[in-house]
Every structure is written in structure tokens, then in C-alpha cells.
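Good morning, and thank you for the time.

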Amino acid sequence: MALRIVRNDNQFRVEGQGLSLDWLSDTRANRKAVIVFLRLLSGSNGQPLFSHQELAQVVGSSNRQASSRHVELFNACGRDFMVFVRHQRKVDDSVVQAVLTQLHENPLATVGQLKAKVNFALGVKNLSEANITAALEQISAKQMRCLMAKQLKAGKAHYKEEYLLGELMSQLGKDTAGTEQVATADGVGMAISDPTAIRALVNPEAQLGEVASPLKWISFMMALYYHGVPLSVCGKWFNVHKTTVLRWILVLTLSLWPLVSDLLTARVKGTIVYIDEKWIKIRGKWYYWFVVLDQQTALPIFAQLLKTRSRWACRSIGCHLKRLKIIPQVIITDGLSSYRYLLQSAKHITCLFHHQQGVSRWLKQNFSDEKEIAHRKSLMKRIFQTNDKRTVIRRLDAIKSIAQSLGITQWVQQTEEDLPKLIPAVGSQRIPATTNAIERFFRTFNRSYKVRCGFFSLISAKRELIFFLIMYLFVQQPHNKQAPIEAIIPTARGMPFYQFVNQPLKTVFGGQNVNQKVHMADFQPQHCMATQI
């Protein structure tokens with residue numbers, strides 16, 4: 001039975017005679033599992049259906065050992081798929097006990113920190129992070145609960161936002177001159193701030209004087225970085241390394257985001273939303289940044305970075321929206337087929353502009369003569385060039401009667417199938433006909449993304465995207481001199497952070513209005529000449 005491997009958009013599937021697998025994410029774990037699964041299939045004669053030579057195609061190899069090696073590992077793992085996919089090495093009780101001892105000292109230690117300490121404690125060097133992870137899985141939650149309860153009672157453990165924000169802000173003092181203060185342009189030491197001051201940044205009733213000097217300067221750095229000033233230039237201005245500037249920016253970003261996110265989910269209903277995705281390159285691979293934009297306020301109420309734009313990706317977005325208690329009644333998209341799996345209870349609307357674009361694309365794929373394309377294009381696009389629903393139906397029936405002679409029967413049938421998603425927006429005052437609002441949002445993002453030229457890692461990409469969302473919400477738009485956050489908080493102009501990023505000369509530097517009217521007659525001629533010189 002011949003096999004064929006089809007790859008598309010970071011996904012793959014296996015096809016054969018009378019056999020076909022659904023699309024799977026093109027990951028190492030999935031490739032390994034598919035090889036073993038197909039090898040386990042046998043015919044009526046008891047022989048495997050596929051040879052190792054054929055299965056080696058799954059991993060893009062012509063060597064049969066690429067398949068047989070995975071099958072041997074599967075058998076060595078006790079024919080357990082979970083153990084095989086994770087490929088974890090077994091660890092003995094001494095390693096588990098050593099890890100537990102280190103957790104008694106620091107329950108929140110990372111796997112890397114535990115690896116170094118356990119290797120030192122046992123006098124070995126061969127324990128990997130996979131070994132430490134396997135040891136952690138053998139430690140029961142009951143042991144950790146007892147440990148955390150004792151530390152909480154003794155006042156040695158902290159949790160929730162006070163602890164997390166304190167840990168983030170403690171990073172501000174690293175990589176400096178060995179103290180917990182750094183010099184700023186005004187010569188005042190930037191003391192490490194507390195979470196209360198961070199909350200004051202987004203409190204409309206807070207006074208500028210309540211915000212510590214470090215947060216003022218970091219807010220100013222965020223504005224510079226958002227508008228394209230390189231980190232190296234910011235580092236020269238503030239006499240620190242560029243990585244230190246980036247750390248300050250990201251620490252404040254991650255500290256502000258929970259507060260800003262709570263404001264969005266509490267004040268935006270999300271009855272009608274736009275959903276679209278933007279491709280992003282991370283270390284040479286394409287990812288998709290999905291954004292859900294509220295139609296009434298034009299605010300991004302949810303965003304998620306995913307590897308694919310499959311139906312499973314869209315279903316995960318729907319689950320997140322339900323968790324946030326945002327249940328849209330109407331979802332407007334560009335027509336991507338995967339979106340129909342996102343909250344199927346909602347009414348799905350397809351953007352009319354993207355539908356009209358699809359007309360030109362379909363004609364170019366099926367016709368080569370320019371005159372034939374031009375004649376058919378005018379008839380096909382004219383169907384939705386009206387604000388009356390009955391006119392749309394009448395024009396579609398008219399073109400359906402001549403579809404066979406024009407050779408567009410397939411397109412007409414597809415349009416009829418899509419009509420329930422297209423016609424509700426025609427002439428509607430409530431449902432938008434296009435996704436222009438979210439397209440404007442992504443155009444703003446593109447101006448920032450082009451400066452970055454891609455991202456180094458998935459974690460850095462997520463942090464940069466959160467940074468963009470915060471700055472997008474608080475930076476004034478050039479066309480109306482208002483920030484998007486003002487759509488739900490009219491008093492947002494009173495927030496210290498709003499003023500720091502939009503009026504830095506006045507609030508951070510303490511300067512006055514430079515646009516002052518000067519009456520030259522009020523000065524002596526000698527004074528005017530001296531001023532000009």
C-alpha cells in the first residue's frame with residue numbers, strides 16, 4: 001500500500017489507498033506517534049501494512065532506520081505512547097529525594113535551577129532537565145501542599161499579585177552597578193517600586209506625584225520604544241546597556257497587563273466582534289497572532305499566538321472566550337473555513353470586501369483571457385453592490401440562469417452556500433459589512449512589527465505583543481487625538497501612565513508648554529538680539 005505525505009501550513013497528513021489521516025500539527029511528537037501507529041497496523045495475513053522504508057517518509061528521510069529506530073524506542077518504553085512521546089529517562093529514588101530537598105528550600109525554583117543544585121548535591125554532572133522533570137512528576141501534590149502551608153504559616157511564602165509583581169520589579173536592579181538604584185537623566189536614584197505604585201499608573205484619580213520616579217522614566221522609555229527609537233539609542237541616553245532598557249520595559253509591561261486586561265474584560269461586552277489573524281515570523285517559522293476586536297469600542301478584548309490556524313486553534317480561542325465570559329452573538333471574519341468551528345452558537349458573518357476580492361482571485365484561476373475575466377467580474381461583483389437584500393437575491397437568481405453559459409456554475413453554487421453568512425450585513429445598521437476595523441488595528445501593528453524584523457523566541461514574541469497591546473490602548477491616535485482606552489474609560493486622560501506616554505515633556509521632564517505666544521514689542525532690541533545669538 002503506497003503512502004503519500006502531504007504537508008501544508010505547518011501541518012501534515014498521511015494518505016494511502018483506502019486510508020487517510022486528518023491534518024496534524026507538523027511536530028516531532030506527532031511524527032513519531034504516526035510512525036508507530038501506522039507500523040502497528042497489520043493486514044489479514046498478520047503482516048504490517050507498511051514497511052519501515054515507507055514510514056521513513058513521515059520524517060522526511062529515505063533511510064528505513066529513521067522509522068525502525070522509533071519503533072524500537074516505543075517497545076523499550078513498555079509500548080506506552082505517553083512515555084514514548086516524552087522520551088523521559090527513568091530516575092531513581094535518590095534523585096527524587098534530592099529534588100524534594102531543594103524544593104523545601106525554594107518551592108518555586110525553575111527546572112534549570114533544580115538541575116544545577118541536584119547535580120551538585122549528588123556529586124554528578126549527567127542529570128538533565130528531562131531527568132528533573134521526571135523526578136518532579138513523581139513528587140505528589142500532597143507533599144508540596146504541606147510544604148507551602150508551613151511556609152505560609154511562618155510568613156516565608158507569598159502568592160498572588162503582590163509576590164509575582166515584586167519578583168518582576170526586582171529584576172530592575174540587575175545588571176547595573178551592583179546597587180538597587182540606577183541614575184536617571186535628572187540625577188535622581190530610581191528606587192525599586194512596589195505593586196501599589198503600579199496600580200496608581202492606571203488609576204484616573206491618582207496624582208502624578210504619587211508615582212515613583214523610576215516608573216515615570218520607564219513609561220517614557222516605553223513610548224520611545226513603541227515609536228521606533230532603537231534600544232541601543234535609549235541605552236546611550238540613559239547610560240545603561242540596551243538589554244537593561246528592554247528588561248525595564250518588559251517588566252513594567254507584564255506588571256501592567258493583568259490590570260489592563262481586567263479593565264477590558266469587565267467593561268467590554270463583546271456582543272459583536274471581529275476575528276482575524278496576522279502571520280508572524282519567529283526564528284524562521286510562521287506563527288499566527290489571532291485577535292478578537294470588539295465592534296462597538298474597537299478594542300482588542302482577546303489575543304493569542306498559535307502555531308496554526310486550524311479548526312482546533314479556533315476551538316481553543318472559543319474556549320478562552322467562554323472562560324472570560326465573553327460570548328459574542330455575531331462574529332465577523334474574512335471567511336477562513338476554520339472560523340466556523342469557533343463558537344458555533346454565534347451568527348457567523350463573512351466580510352463582503354473579502355468576498356469581492358475572492359471573485360477576482362477565482363476568475364484568474366479559471367480563465368486566462370482578460371476580456372472574459374472583465375465581463376464576468378462586473379456581473380459577479382454587482383450582486384452585492386447594493387444595500388437591499390432582495391436585490392441581492394434577485395441578481396443572484398439572474399446570474400444563476402446564465403451561469404452555465406458563462407462557465408461560473410461552481411462559483412454560483414459556492415456563493416449560494418455562503419449566502420447566509422453574507423446577506424445579513426447587506427444594508428444593516430447593526431452588523432458591519434466589512435472587517436475594516438480590525439484591518440486598521442493590524443496596520444498599526446505592522447508599523448511596529450516591521451521595525452522588529454521578527455522575533456527571537458516564542459516567549460519574547462508574546463511579551464512584545466503584550467507590550468504592543470498596552471501601548472496601542474494608551475497612545476493617542478493621530479486622527480482624533482484620543483487613545484482607544486478612552487472608549488470605555490472617559491477619564492483615562494487622568495491616568496498617570498496615559499500622561500507619561502502622551503505628554504512626556506510636561507509630566508516626566510516637568511517642562512512647560514513650548515507653544516507660547518511671544519510679543520516681540522515687550523522686549524528691548526538688545527535683549528532680542530542676544531536671544532537670537
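**Aromatic pairs and their surroundings**

Let me begin with W279, which counts as partly exposed because its relative accessibility is 47%. Please keep in mind throughout that this is a predicted model.

K278 lies over the face of W279, 3.5 Å from the ring centre.

What of the aromatic pairs? A pair of aromatic rings is described by the distance of the centres and the angle of the planes. The structure holds 22 such pairs. One of them joins W279 and Y449 in an edge-to-face arrangement, with 6.5 Å from centre to centre and 80° between the planes. W279 belongs to strand β5, residues 272-282, while Y449 belongs to helix α20, residues 436-452; the pair therefore ties together parts that are 170 residues apart in sequence.

Is Y449 buried or exposed? With a relative accessibility of 9%, Y449 counts as buried.

I turn now to a second pair, formed by F445 and F468. This pair is also edge-to-face, at 5.1 Å centre to centre with 75° between the planes. F445 sits in helix α20 and F468 in helix α21, which spans residues 458-474, so the pair ties together parts 23 residues apart in sequence. Both F445 and F468 are buried.

Finally, which residue lies over the face of F456? That residue is R283, at 4.7 Å from the ring centre.

To summarise, helix α20 contributes Y449 to the pair with W279 of strand β5, and F445 of helix α20 pairs with F468 of helix α21. Thank you for your attention.

Notes
Residues numbered from 1 in each chain as written. Predicted model: local features only at pLDDT ≥ 70, side-chain atom pairs only at ≥ 80, totals over all residues. Heavy atoms only, no water. Phe/Tyr/Trp six-rings, centres within 6.5 Å; stacked < 30°, edge-to-face > 60°. Helix = DSSP H or I, 4+ residues; strand = E, 2+ residues; numbered from the N terminus. Buried < 20%, exposed > 50% of the residue type's maximum accessible area, 1.4 Å probe, protein only. Lys NZ or Arg CZ within 6 Å of the ring centre and 35° of its normal.
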